[in-house]
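Here is a protein model to question piece by piece. Each answer sets a value against a rule and then concludes.

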Amino acid sequence: MKEKPKPRIALLREKAGLTQLELSRLVGVTESTIQNWESGRTGTDHIERIIRFCKALNCQVEELIEFVSDSPQESTTPNSLSDRHNLLGTNDNFSTNSSDATGKATI
């Protein structure tokens, strides 16, 4: 039996600077679900089907599924790691050094 390759979720999650818990909260699944997806213990068949739908219909996921947010705050996609942490309420993880709107470091 041919073994399926493991999903790249862990690599992409780490690249985004998110923990498994943070990603689970953003996606709306349990942390153990993220762990299972990353390890390949449980399949991501539903994700693969969505990708095939999009390829067949020549569209993006957002076009395929009309997403209705539960709250107005979730309707905007976070653009930066800082935005993601603010959305999750985990912005305490950051150093006190940051940049203001002008790009100058603030302390």
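Q: What does pLDDT stand for in a model like this one?
A: This model is predicted. pLDDT is the predictor's confidence in each residue, from 0 to 100. The protein averages 75, and 64% of its residues score at least 70.

Q: Where is confidence lowest, and where is it highest?
A: Strand S1, residues 98-99, is lowest with a mean of 40. Helix H2, residues 20-27, is highest at 94. Residues 93-107 stay under 50 throughout, and there the model has 16 contacts beyond four places in sequence.

Q: What makes up the secondary structure of the protein?
A: There are six helices and two strands. Read from the N terminus, the order is α-α-α-α-α-α-β-β.

Q: How many of the 107 residues count as buried, as a percentage?
A: The share is 18%. A residue must have under 20% relative accessible area to be called buried. The accessible surface of the protein comes to about 8600 Å², with 53% of it belonging to carbon and sulfur atoms.

Q: Why is Thr44 called buried?
A: Its relative accessibility is 9%. The cut-off is under 20%. So Thr44 counts as buried. Thr44 sits in the loop between helix H3 (31-39) and helix H4 (45-57). Beyond four places in sequence, Thr44 touches Pro7, Ile9 and Trp37.

Q: Which residues make up the largest nonpolar core?
A: Seven residues do: Ile9, Ala16, Leu18, Leu23, Ile34, Trp37 and Leu88. To belong, a residue must be buried and be joined to the set through side-chain atoms within 4.5 Å. One member, Ile34, is in contact with Gln20, Leu23, Ser24 and Val29, leaving aside neighbours within four places in sequence.

Q: Which residues of H2 are buried?
A: They are Gln20, Glu22, Leu23 and Ser24. H2 is followed by Gly28, which has a positive phi near 90°.

Q: What makes Arg13 and Glu14 a salt bridge?
A: Their closest N and O atoms are 3.8 Å apart. The rule asks for a side-chain nitrogen of Lys or Arg within 4 Å of a carboxyl oxygen of Asp or Glu. The pair passes, so the contact is a salt bridge.

Q: Are the two partners, Arg13 and Glu14, buried or exposed?
A: Arg13 has 11% relative accessibility, so Arg13 counts as buried. Glu14 has a relative accessible area of 53%. Exposed means over 50%, so Glu14 is exposed.

Q: How do you know that Arg13 and Glu38 also form a salt bridge?
A: The distance from N to O is 2.5 Å. The limit is 4 Å, so the pair qualifies. This pair links distant parts of the chain: Arg13 lies in helix H1 (residues 9-15) and Glu38 in helix H3, 25 residues apart. At 13% relative accessibility, Glu38 is buried.

Q: How many salt bridges does this rule give?
A: The count is two. They share partners, and that joins Arg13, Glu14 and Glu38 into one network.

Q: Why is Asn58 called exposed?
A: Its relative accessibility is 70%. Exposed means over 50%, so Asn58 counts as exposed. Asn58 is in the loop between H4 and helix H5 (61-64). Its phi is positive, near 50°, in a residue other than glycine.

Q: Why is Cys59 called buried?
A: Cys59 has 16% relative accessibility. The cut-off is under 20%, so Cys59 counts as buried. Cys59 is found in the loop between H4 and H5. Not counting residues up to four places away in sequence, Cys59 touches Cys54 and Leu64.

Q: Is Cys54 buried or exposed?
A: Its relative accessible area is 8%. That is under 20%, so Cys54 is buried.

Conventions. Residues are numbered from 1 along each chain as its sequence is written. This is a predicted model: local features need pLDDT of at least 70, side-chain atom pairs count only at pLDDT 80 or more; totals for chains, interfaces and linings use all residues. Side-chain values use heavy atoms; hydrogens and water are left out. Helices (H or I, at least four residues) and strands (E, at least two) are DSSP runs, numbered from the N terminus. Buried means under 20% relative accessible area, exposed over 50%, partly exposed in between (1.4 Å probe, protein chains only). Accessible areas come from the Shrake-Rupley method with a 1.4 Å probe; for residues, only the protein chains shown count as cover. Contact means heavy atoms within 4.5 Å.
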